[in-house]
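Biologist: I would like to learn how to read the side-chain features of a model. Please take them in turn, with the general idea ahead of each case.

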Amino acid sequence: MLQISVEQLKKFLVDEKIVSKKDFEKTLEESKRSNQPFIDLLIAKGLLSSEYYLELVSKYYNIPLARIAKGDLDQKAISLIPERIAREKKVIAFALEKEGILDVAMADPTDLELIEFLEKYTGKKIRPFLATEKQIESAFAYYGQKMADFYQKVIKENIKKSRYLEGRAEELAKEVSIIDLFNNIVSFAISSNASDIHIEPLEKEILIRFRIDGILRRVLTLPKEILPPLVARIKILSNLKIDVHQSPQDGRFRFKTIGGVVVDLRVSIMPVYYGEKVVMRLLPAAMKPLSLKELGMYKDHIEITERNIRKPWGIILVCGPTGCGKTTTLYSILNLLNRPEVNIVTIEDPIEYEIPYINQSQINPQAGLTFASGLRSILRQDPDIILVGEIRDKETAEIAVQAALTGHLVLSSLHTNDAPGAIFRLIDLGIEPFLIAASLNTVIAQRLVRKICLNCIYSYQVKEFEKQAIKRQLLDELVLEKNISLPKILFRGKGCPFCGFTGYKSRVGIFEIMEMDENLRTLVSSGKATLTDVKKYNNQKGVITMFQDGLRKANLSLTTLEEVLRVIKQ
């Protein structure tokens, strides 16, 4: 996207007192040291919002913003620029005016050479609009759906021919390029912001589904004959054995779209009843740092988190089920702690995102590198801050506790339902209560809820059964009666093309943060405390549960009550 020079940016932000001079210069210095984009760091630190910066660039260059949404694209307009060119040039045509003017969203609307090329190619007068590369990439999902429909139609037509040409079904299926088909599926998934691709063999067909915003969505079906060459293509890319069909295999490869977006795909192949099922997890090769605010934390939670990560020693745990964003939260904390004067070392399974100037290691059980053995080795690397991807066993838990008690800040994750549950999970692993009380600083429990689509949001009066559901959940969490506040108006999404007619678009975190104070340490170290005792103490202290945090986000139209209740039950 277009950039504003540091000097001009300083005038806009510092002189207008949007960012303090101290914060501006400190972030600029950090940007030079870590080789991370200055704007990304300003946004990650919560000093500047991405929306404000985009508005700033628009005003500075006097170029209007493109308000593009996948469902708002003019089909005639988008068809004027083929997908290959659109991805390569990072543009998307979104409207065709009556005067023959083609409105085009561009990452760099000042590129006169590109505008001239598009005018010659389309035969239209081009009116450029400013958009981020992410916005443009999201709009490419239109091409993906169009191509998915095309492949589905062509392959089925080829298979239909096989009825008259007995024995040639598989040969005819291969007439469609498997490489192009696979590339299209992955590009479509990237454009749709999918986190996983599922390729599932059924009795007579293949089902392809994407996990978008935590929910699996059916994308297309293909004839069964296409499965062997498609799986073989994935195995080749992942350096797996193509002649092994009865054993699970895991691999990884890097994929680059025509537009230059790079994604790592973690591949798992599992034999099932009707063939081999493939699941691919999409991991951005370069992750931009997220601020705690961007994760979904409000001011009270941010203050508790920042206060505790500044402590020189102790354990900070992030808890929740698989896929609830624990790794993203841990990486956001690491980004805040990443300074020249500290040595940060990690042991992960796997390394999902590369972070500059942090020493990251990946476990390798076949070579004897486990979380426990890796953590022992890390302690000999003179670390200040240690990240252990997950505490899974007694040995890892014991070493983490000892590291925290000997002057290290330890970050890790646990699979528990809520924050108080982390204490008793550690006890189950064999850690003495007095050691937990002495070493644990903070527990962050979280879930991810889908956000209401802003294109089709509407409000409604809360019904009686919804009020009762809220009351039951709060009482189940032992929340005091005086802390119960029932909303009168809530929000939903009607469903539109932009959100795939789900009413939701993107996700945000809901959190419960338990800070260990002296009273709680005394309660835990006694060894007699129960889960109910800890919950009661937290409620008396005013700790906000995940459901309460979700409820206040529902009140502010970020998500729905149904969505909060759904994830809380996970």
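The dialogue below goes through rings, charges, strands and cores.

Modeller: This is a predicted model, in which local features need pLDDT of at least 70 and side-chain atom pairs count only at pLDDT 80 or more, while totals for chains, interfaces and linings use all residues. Residues are numbered from 1 along each chain as its sequence is written, and side-chain values use heavy atoms, with hydrogens and water left out.

Biologist: How many aromatic pairs does the structure hold?

Modeller: A pair of aromatic rings is described by the distance of the centres and the angle of the planes. Rings of Phe, Tyr and Trp (its six-membered ring) pair if their centres lie within 6.5 Å; planes under 30 degrees apart are stacked, over 60 edge-to-face, and the rest tilted. The structure has eight such pairs. One of them joins Tyr60 and Tyr61, edge-to-face, with 5.0 Å centre to centre and 90 degrees between the planes. Phe12 forms one aromatic cluster with Tyr60 and Tyr61.

Biologist: Why is the pair of Phe188 and Phe210 edge-to-face?

Modeller: The ring centres of Phe188 and Phe210 are 5.4 Å apart and their planes stand at 75 degrees, so the pair is edge-to-face. It links distant parts of the chain, with Phe188 in helix H11 (residues 178-191) and Phe210 in strand E5 (residues 205-212), 22 residues apart. Helices (H or I, at least four residues) and strands (E, at least two) are DSSP runs, numbered from the N terminus. Phe188 is buried at 5% relative accessibility, and Phe210 is buried at 1%.

Biologist: Which lysines lie over the face of a ring?

Modeller: A charge sits over a ring if NZ of Lys or CZ of Arg is within 6 Å of the ring centre and within 35 degrees of the ring normal. Lys553 lies over the face of Tyr298, at 4.4 Å from the ring centre. Lys494 lies over the face of Tyr458, at 5.8 Å from the ring centre.

Biologist: How many salt bridges are there?

Modeller: Side chains of opposite charge can pair when their charged atoms come close. A salt bridge here is a side-chain nitrogen of Lys or Arg within 4 Å of a carboxyl oxygen of Asp or Glu. The count comes to 28. Among them, Lys10 pairs with Glu25, the closest N and O atoms being 3.5 Å apart. That pair links distant parts of the chain, from helix H1 (residues 6-13) to helix H2 (residues 21-34), 15 residues apart. Lys10 is partly exposed at 29%, and Glu25 is partly exposed at 36%.

Biologist: Which helix holds both Glu88 and Arg84?

Modeller: Both lie in helix H6 (residues 83-89), four residues apart, about one turn of the helix.

Biologist: What does the bridge of Glu466 and Arg492 link?

Modeller: The closest N and O atoms of Glu466 and Arg492 are 3.2 Å apart. The pair links distant parts of the chain, Glu466 being in helix H20 (residues 464-476) and Arg492 in strand E17 (residues 489-493), 26 residues apart. Glu466 is buried at 3%, whereas Arg492 is partly exposed at 22%. Elsewhere, Asp300, Asp549, Arg552 and Lys553 are linked in a network of salt bridges.

Biologist: Why is strand E1 largely enclosed by the rest of the structure?

Modeller: Five of the six residues of E1 (residues 91-96) are buried, so the strand is largely enclosed. Two strands pair if DSSP finds at least two bridges between them. Five bridges join E1 to strand E2 (residues 101-106), and the two run antiparallel. Ile92 stands opposite Ala105 in E2. The hairpin of E1 and E2 has four residues between the strands, and Gly100 takes a positive phi near 85 degrees.

Biologist: How many residues has the largest nonpolar core?

Modeller: A nonpolar core is a set of buried Ala, Val, Leu, Ile, Met, Phe, Trp, Tyr and Cys residues joined through side-chain atoms within 4.5 Å. The largest has 58 residues, and those with the most contacts inside it include Leu317, Met514 and Phe547. Helix H17 (residues 394-405) gives the largest share of this core, six residues. A second, separate core of 34 residues includes Ala189, Val219, Ile234 and Leu240.

Methods:
Buried < 20%, exposed > 50% of the residue type's maximum accessible area, 1.4 Å probe, protein only.
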